[in-house]
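Here is a short briefing on one protein chain. Please read it with the coordinates open.

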Amino acid sequence: MATAVIRRPSIEPFTPLLKKPLPAGRPRAWYITHNRRLKAMRLAIALLDAGVYIPSKATNATIRTTAIRIGIHPPSDTTCRLVRTFIRQTH
């Protein structure tokens, strides 16, 4: 017989994971792409939390405004395209 397990929410506040250094010895382009993907993922999550679920509604202006709101430098056009790609892939 299966029993249901009821989990209680944690009392402690959320603590982010510790950051590890990036691996050494990769080409410079790898680090640029890696950091661009991380930034785009943060922006995509913030937009989804704000209710922007359709890539056509995530204009460059909307993405840049969201970046300023969450404390990230405004992204380039390439990063904005990547954000729309991430939003498109979630649905």
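Predicted model: local features only at pLDDT ≥ 70, side-chain atom pairs only at ≥ 80, totals over all residues.

Residues are numbered from 1 along each chain as its sequence is written, and side-chain values use heavy atoms, with hydrogens and water left out.

**Fold**

- The chain holds three helices and zero strands. Helices (H or I, at least four residues) and strands (E, at least two) are DSSP runs, numbered from the N terminus.
- Along the sequence the pattern reads α-α-α.
- Helix H1 spans 28–49 and helix H2 spans 60–70, with a loop between them. Helix H3 covers residues 77–90.
- Take the contacts in the chain with a separation of 6 or more: 59% of them join residues 24 or more positions apart. Contact means heavy atoms within 4.5 Å.
- Of the 91 residues in the chain, 23% are buried. Buried means under 20% relative accessible area, exposed over 50%, and partly exposed in between (1.4 Å probe, protein chains only).

**Buried positions on the helices**

The contacts listed here leave aside neighbours within four places in sequence.

- Ala44 is found in helix H1. Its relative accessible area is 3%, so Ala44 is buried.
- Ala44 is in contact with Val83, Phe86 and Ile87.
- Thr66 belongs to helix H2. Thr66 counts as buried because its relative accessibility is 6%.
- The contacts of Thr66 are Leu43, Ala46 and Leu47.
- Thr79 lies in helix H3. With 4% relative accessibility, Thr79 also counts as buried.
- Thr79 touches Arg36, Lys39 and Ala40.

**The loop between H1 and H2**

- Is Ser56 buried or exposed? Ser56 is exposed, because its relative accessible area is 60%.
- Ser56 sits in the loop between H1 and H2. Its C-alpha atom is 9.8 Å from that of Ile87, 31 residues apart along the chain.
- Lys57 has its place in that loop too. Its relative accessibility is 57%, so Lys57 counts as exposed.
- Lys57 and Arg84 are 27 residues apart along the chain, and their C-alpha atoms are separated by 9.1 Å.
- Leaving aside neighbours within four places in sequence, Lys57 is in contact with Val52 and Thr62.

**Rings**

- Rings of Phe, Tyr and Trp (its six-membered ring) pair if their centres lie within 6.5 Å; planes under 30 degrees apart count as stacked, over 60 as edge-to-face and the rest as tilted. That rule gives one aromatic pair.
- The pair is Trp30 with Tyr31: ring centres lie 5.1 Å apart and the planes stand at 90 degrees, so it is edge-to-face.
- Trp30 counts as partly exposed, because its relative accessibility is 29%.
- The charged end of Arg26 sits over the ring of Trp30, 4.5 Å from its centre. A charge sits over a ring if NZ of Lys or CZ of Arg is within 6 Å of the ring centre and within 35 degrees of the ring normal.

**Largest pocket**

- The largest pocket holds about 270 Å³ of space. On a 1 Å grid over the protein atoms alone, a pocket is an open set of points where a 1.4 Å probe fits, with protein on both sides within 12 Å along at least five of seven lines.
- Which residues line the largest pocket? They are Lys19, Lys20, Leu22, His34, Asn35, Leu38, Lys39 and Arg42. Lining residues have an atom within 4 Å of a point.
- By class, the lining has two nonpolar, two polar and four charged residues. Asp, Glu, Lys and Arg count as charged, Ala, Val, Leu, Ile, Met, Phe, Trp, Tyr, Cys and Pro as nonpolar, and the others as polar.
- Lys39 lines the largest pocket and is in contact with Thr79.

Key: Points joined across faces, edges and corners; volume = space filled by probe spheres on them.
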